Amino acid sequence: MSEESPDQIIDRSAKYVFSFFLSSAGLWLLAAALFAYLAAAKLTDPYFLSTCEFLTYGKIKVAQANAFVYGWGGNAIFAVSLWILARLSQAEVRGSVFLIFAGVIWNLAITFGLLGILDGHMSGHEMLEMPSEVWPAMLVSYLIITFLALVIHRSRQIKETIAPQWFILSALLWFPALFLIAWNGLELNPSRGTLQTVLSMWYGQSLIWLWLTPVALGAAYYLIPAVLGRTIDKYYLAVFGFWCIAALAPWSVLHHLEGGPVPMWIPAIGTVMSIAMVFPIAVASTNFHSTAFLDIGKVWSSLPLRFVIFGTLSYTVSSYIGVVFSLPAVAKITQFTIINEFHFNQRVYGFFSMIIFGAVYFALPRITGREIPKAAKSFHFWTSTFGVLLLLLAYLLGGLTHGVLAGQPTLPWSSSVIQSVQPYFLITKIAFVILAFSQFVFVINVWRVIFPNPFSCCFSNKKEASA
Amino acid sequence: MNNLAKFILGIFITLGIAWLAFVVGARSQYGDLQPTAESLEDDGSVPVDSDLFPIAFSGIAKQGAEEYAALGCVTCHTQQVRRVEAGYDVDRGWGLRPSAPRDYVLQDHVLLGNSRIGPDLTNLGSRGHTNEWMHQHLYEPQSIDSSSLCPPSPFLYQEVDEPVHSDIEVSSKPTGGNTLYVRPSVRANRLVAYLQALKQDYELPEVSFVDEEMEEGTLVETTQGPVAADLSSAPTWLQAQIDAGKEVYMKAASGGGMCFTCHQTNGQGLAGQFPPLAGSDWVLGDKSRLIKISMYGLMGEIEVNGIKYNNVMAPPGIPPGSLTDDQIANVLTYIRNDWGNSASAVSAEEVATVRASLKGRAPMQMFTAPELIPPVQ
């Protein structure tokens, strides 16, 4: 035992927690992939499964987003955050029993929430569609996990904190704050009229900017130096980038209400702040890419890092595109089109998920002591990359077609505007099949390492019985 | 950054400032908007006797809003007409004017939406579609518009072999264009009541109709365009029937109906005792049931808009059961067209037909709700 390095002791303490959250995350990823395929198939053939009420398009589409963000995103955030915080604090993960207990509650809450959506108890609030009965369970289990993450951070050996810790801690803490604000304004003291929409949209969009995004950025800030063995280039900018995101992102999300029945200052502020977001985007981009390009050969040869750099590039591109699309002149065309899908998938798939994949491939061998075959990882990388690019291209071109044609009032709606967009729905269906396949490979990769021999216990029992 | 408490304080302050603006600030700016008149007096007061807008949804339409939310219709349909400079909405005939925050203050579920794979529905109720059209569209959108991507909702309907007059005729594509008859469920009726109630066809002090001249030549879908539902434009025969019906409803002397004593002058009934007529799924539903109740009364448990009542309604009229065919036709037409209700008129001939079909029934033998609800096949 004395030969174990401190890192190995920490990894071993995180083993059960990490494995639990990661294997649940994988199952949610597959569920979301199935929903995504069904939804895309329904847009190409409206009669597909149309007699099943619980599989009607509106429900499936919402279930997909919730399974992806809370199921896959939530579990992946717990796994990666706890491990990175433990590594950076040089402290062991403690309270595994409580963490796994809370994780079970979290997963049960989302399961019942999704069943509630499919059974017709959808609330209609953006990203809070799960019936409000499961919200308390989500919040309590989340707070337990966050508390134990803070315990790890508090027991850190080095007083000084670095970028990955800022991003991950703030993401962990922002989520319950947003959740409580939304809960209060939508259920406990419901707002009247379009205030409901302002609040639920602010919550739904902030969830991506203040929860998924910082965790992925934090993971990138941790993994790039860890794999390359060099410090982040121009690291002194990171603190500026962090506070820019903290201060600007919650303001920048409401430009989607442009022209709508809300006071004009609300979308206007959103637009201005979206433009100001070029600063933090530039900082993160500079930090990541100028470091990576110092040793591009190593980036390419390390699969975890290849995933991460794909994610950071995607972050940079998608965020700049987001800035352009928030300008009123452009928003006039793109608002209400399937470009919304482009933004969502680019951010949660092209950016967040790809970085999480990289973090998992980096952490899992260290935690379990078992290596994932390189060919399997590489296969996952290429199918994911191809699937996501195809998906985003379809949504981007389809969205522009959608917007330009919708803006010509003489064109009838469904027989002309939507008919022209329909081919792109077919492409998204193909892309979702490829992505589902790719995610299946990922889950197999992960489960094979976590449960190398799932039947070993049965066999050993048999041996004992025969002996 | 190294002190955890200060760090947490910092990240909550940045979030808190945005919260102050979008939640607290916006709430104090327009959280207490009230319905108002289409135009105000010079001193800013609401003119006496003017109608106030927006109008609250009827009970059945409110339930329809819940169905709409539960089915996820908002995934593809918006309910907001953008300002003219921000988009094509008015040009497409989706509204006479941009939507304003005040339009939504009486709605429990505000479903503005953020995606338009389907058209905007802000003014669906003023496009002149019949309930039958709405039902056909819900059952199978492709039976009306073959290029529609809207998912059919056959689970809201029941196919019937022996149609009655309230059933819906659909030519369904999967059956090769064959005609079939479907019976709307309570949920389908709620949804249609909600969709018909979606209208912003009034002006508000803060927003008036977009100038007609500006629109000329661009407004193409005139048949789809909003038609202002003006009550004073009701045909004279209908108005006469409604007026005569109101007299029956309010009269508590010989020859009257005395309906208001239980159902109240505002048609709201009394909670727990007498069911409402305003927005009632019974009143807006099948006419023959209403005629039967008006002749013979009703006793026992009945479910109205999802709420159960258990009481006795003696045969209406003074003396009981004395209402004539004309009186019944008028009073039913009245209750179907006041307090926000809007449903087809009832004629004296329809009443006579029902009366003839009940020839063998003993006078004063009250109906029960199960007798009136056709058994589910």
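Which residue of β5(B) stands opposite B:Met299? In β5(B), that place belongs to B:Val312. Welcome to this predicted model, in which local features need pLDDT of at least 70 and side-chain atom pairs count only at pLDDT 80 or more, while totals for chains, interfaces and linings use all residues. Residues are numbered from 1 along each chain as its sequence is written, and chains are lettered from A and ligands numbered from 1 in the order in which they are written.

**A hairpin in chain B**

The strands β4 (residues 298-304) and β5 (residues 307-313) of chain B run antiparallel and are joined by 7 bridges. Strands (E, at least two residues) and helices (H or I, at least four residues) are DSSP runs, numbered from the N terminus. Together β4(B) and β5(B) make a hairpin with 2 residues between them, and B:Asn305 in the turn has a positive phi of about 50°.

**A sheet with a helix across it**

Chain B also has an open sheet of 3 strands in the order β1-β3-β2, with antiparallel pairing; two strands pair if DSSP finds at least two bridges between them. At the edges are β1 (157-160) and β2 (168-172) of chain B, each pairing on one side only. From one strand to the next, the twist averages 45°. As for β1(B) and β3 (residues 178-184) of chain B, 4 bridges join them, and B:Glu159 has B:Val182 in β3(B) as its bridge partner.

| Strand pair | Bridges |
|---|---|
| β1(B) and β3(B) | 4 bridges |
| β4(B) and β5(B) | 7 bridges |

Helix α3 (residues 131-139) of chain B lies across β1, β2 and β3 of chain B, running at about 40° to β2(B). Such angles run from 0 to 180 degrees between N-to-C directions, and axes are lines fitted to C-alpha atoms, for helices over the stretch in contact.

**Two crossing helices**

Helices α8 (residues 287-296) and α10 (residues 348-357) of chain B pack at an angle of about 70°, with axes 10 Å apart. α8(B) and α10(B) are therefore roughly perpendicular to each other, a term for angles of 65 to 115 degrees. Among the residues making the contact are B:Ile291 of α8(B) and B:Val354 of α10(B); residues are in contact if their C-beta atoms, placed from the backbone, lie within 7 Å.

**Where the chains meet**

Finally, the contact between the chains takes 63 residues from chain B and 66 residues from chain A. On the chain B side, α1(B) gives the most, with 14 residues.

How values were computed: Contact = placed C-beta atoms within 7 Å. Parallel < 35°, antiparallel > 145°, perpendicular 65-115°, else oblique.
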